[in-house]
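Trainee: I've got a model open and I'd like to learn how to read its features one by one. Can you walk me through it?

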Amino acid sequence: MSAKAQVAVIGGGFVGHCCAWLLQRQGHQVQLIAPPTPPQGSAAALGVLMAEVYQRRSGRGWRLRRRSMELLEQWQQHLALPVHRGLLLLASDPQEWERQQRLVQQSQYLELLSSAALKAKVSQGVLPKLPEEALGGVWSSRDGQLDPFQWIQRLQVAGAEQGLEQVEANVTGIDGDGSRPWKLTLDNGSELSCDWLVLAAGLGSSQLLEIVGLSLPMEPVLGQALELQLGSDQTTWNGCLIWKGINLVPRPNGRLWLGATVEPGTKASALELADLQSLQGTAPAWLQQAQVLRQWQGLRARPSGQPAPVLEQPQPRLLVVSGHYRNGILLGPAGADWAAEQIAEG
Ligand SMILES: Cc1cc2nc3c(=O)[nH]c(=O)nc-3n(C[C@H](O)[C@H](O)[C@H](O)COP(=O)(O)OP(=O)(O)OC[C@H]3O[C@@H](n4cnc5c(N)ncnc54)[C@H](O)[C@@H]3O)c2cc1C
């Protein structure tokens, strides 16, 4: 590993926290810079982790997903935090059902459930009543969900215990080209310098790169989600359910997170939200009757013209760990691991 470096991580979402915690843990002196406002993406995330059910079994996307799941297994022990394992991906059309039948042959963690098997689980009370249209599904014992807020808080505390410094500010200026220490200007008037600069600022990374004359076009994609209170007689179950791209995440005390819409731009649509709650017109009665406790929205950063996420070193000692689009919680650890590797290689 390279000598202990001074590292500044810009961004206080899940990705920035993963980077800062890991680098501090590896012996670097890290400053995490972010304003005290909730992070646009991570504060809205449901924390669903879909790796094993990913349709491809090769390529960068698959490698990052697999790496993140390995890391999460280790990190949950270091951090004493849960990852709730178990995820049921339901098939809503014959093509998806066929794809699932092929998918299960490639993984020991996946189990195919026919429509009859699903119905049996519903009558045993293991699953809630499912949309009539479900043709079957695949159960993954390896995928699942984590609570992003709980994890960010724990990464913060664990990082601070190891000497990670939190700086509550926006970065407004960056000076450098990698040949000498980077100099950052903050909106509180102070300045700081570092050997390595990690941009994990979500949508904000584009603007930060512009300051040093680099371009990373990204577009915002809004997502809305709901927290529901289920009826007291409603079956509770283990594991996330995924139906037509909508996540149903069981929460303690008979609650459910439901999300998320995918709306290019920054404006929330009431129609999209209604569609979400009705599961595009397929919601069983227990879901239609659930009480809405909370509704929220967030912005995802989708890189334009290149796949998510963007893991790049466009200048020496400048690392971009951004543009995670719909999978920043799943891919946060793999991005942090990539950044740590770049710094170790020097
Ligand atoms: C409704 C919804 C549901 C989602 N569900 C899931 C899910 O189930 N699973 C999953 O994997 N992903 C999910 N996502 C996607 C996920 O939320 C994002 O991919 C992820 O949060 C991106 O994290 P991030 O840290 O890169 O960005 P963000 O969380 O947006 O954080 C960016 C940070 O950078 C800071 N920043 C920006 N500019 C500056 C600056 N100039 N100076 C200092 N700091 C700056 C911001 O203040 C913020 O702290 C969901 C997203 C939404 C909207």
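Mentor: Let's start with N253, which is exposed at a relative accessible area of 67%. On that scale, buried means under 20% relative accessible area, exposed over 50%, and partly exposed in between, using a 1.4 Å probe and protein chains only. Before we go on, a word on the source: this is a predicted model, where local features need pLDDT of at least 70 and side-chain atom pairs count only at pLDDT 80 or more, while totals for chains, interfaces and linings use all residues. Residues are numbered from 1 along each chain as its sequence is written, and side-chain values use heavy atoms, with hydrogens and water left out.

Trainee: Where does N253 lie, and what is its phi near?

Mentor: N253 lies in the loop between β14 (246-251) and β15. Its phi is near 60 degrees, a positive value in a residue other than glycine. As for the labels, helices (H or I, at least four residues) and strands (E, at least two) are DSSP runs, numbered from the N terminus.

Trainee: And what about Q280, which also has a positive phi?

Mentor: Q280 is not a glycine either, and its phi is about 55 degrees. You'll find Q280 in the loop between α7 (270-277) and α8 (285-288). With a relative accessible area of 40%, Q280 counts as partly exposed.

Trainee: Let's do peptide bonds. Which one is cis at A260?

Mentor: The bond from G259 to A260 is cis, with omega near -5 degrees. A260 sits in the loop between β15 (255-259) and β16 (263-264). The bond from A308 to P309 is cis too, with omega near -5 degrees, and P309 is in the loop between β17 (291-303) and β18 (310-315).

Trainee: Now helix packing. At what angle do α1 and α9 pack?

Mentor: First the general idea: axes are lines fitted to C-alpha atoms, for helices over the stretch in contact, and angles run from 0 to 180 degrees between N-to-C directions. Here α1 (residues 14-25) and α9 (residues 328-345) pack at about 40 degrees, with their axes 8 Å apart. Angles under 35 degrees count as roughly parallel, over 145 as roughly antiparallel, 65 to 115 as roughly perpendicular and the rest as oblique. So α1 and α9 are oblique to each other.

Trainee: Which hand does the crossing of α1 and α9 have, and which residues make the contact?

Mentor: A crossing is left-handed if the near helix is turned anticlockwise from the far one by less than a right angle, and right-handed if clockwise. The one between α1 and α9 is right-handed. Contact means heavy atoms within 4.5 Å; on the α1 side the residues include F14, C18 and L22, and on the α9 side I329, P333 and A340 are among them. By class, that contact has eleven nonpolar residues, two polar and one charged. Ala, Val, Leu, Ile, Met, Phe, Trp, Tyr, Cys and Pro count as nonpolar, Asp, Glu, Lys and Arg as charged, and the others, Gly among them, as polar.

Trainee: How do α2 and α5 pack?

Mentor: Helix α2 (residues 60-79) and helix α5 (residues 148-161) pack at about 65 degrees, and their axes are 11 Å apart. That crossing of α2 past α5 is left-handed. L72, W75, Q76 and L79 of α2 touch W151, R154, L155 and A158 of α5. Six of those contact residues are nonpolar, one is polar and one is charged.

Trainee: On to strands. Is β6 enclosed or open, and why?

Mentor: Eight of the ten residues of β6 (residues 136-145) are buried, so β6 is largely enclosed by the rest of the structure. For pairing, DSSP must find at least two bridges between two strands. β4 (residues 84-91) pairs with β6 in the antiparallel sense over seven bridges, with R85 opposite G144. β5 (residues 110-114) and β6 are also antiparallel, over five bridges, and there L112 has V138 as its bridge partner.

Trainee: And which strands form the open sheet?

Mentor: The order is β8-β9-β10, with antiparallel pairing. β8 (171-175) and β10 (191-194) are at the edges with a single partner strand each, so one side of each has no neighbour in the sheet. The twist averages 25 degrees from one strand to the next.
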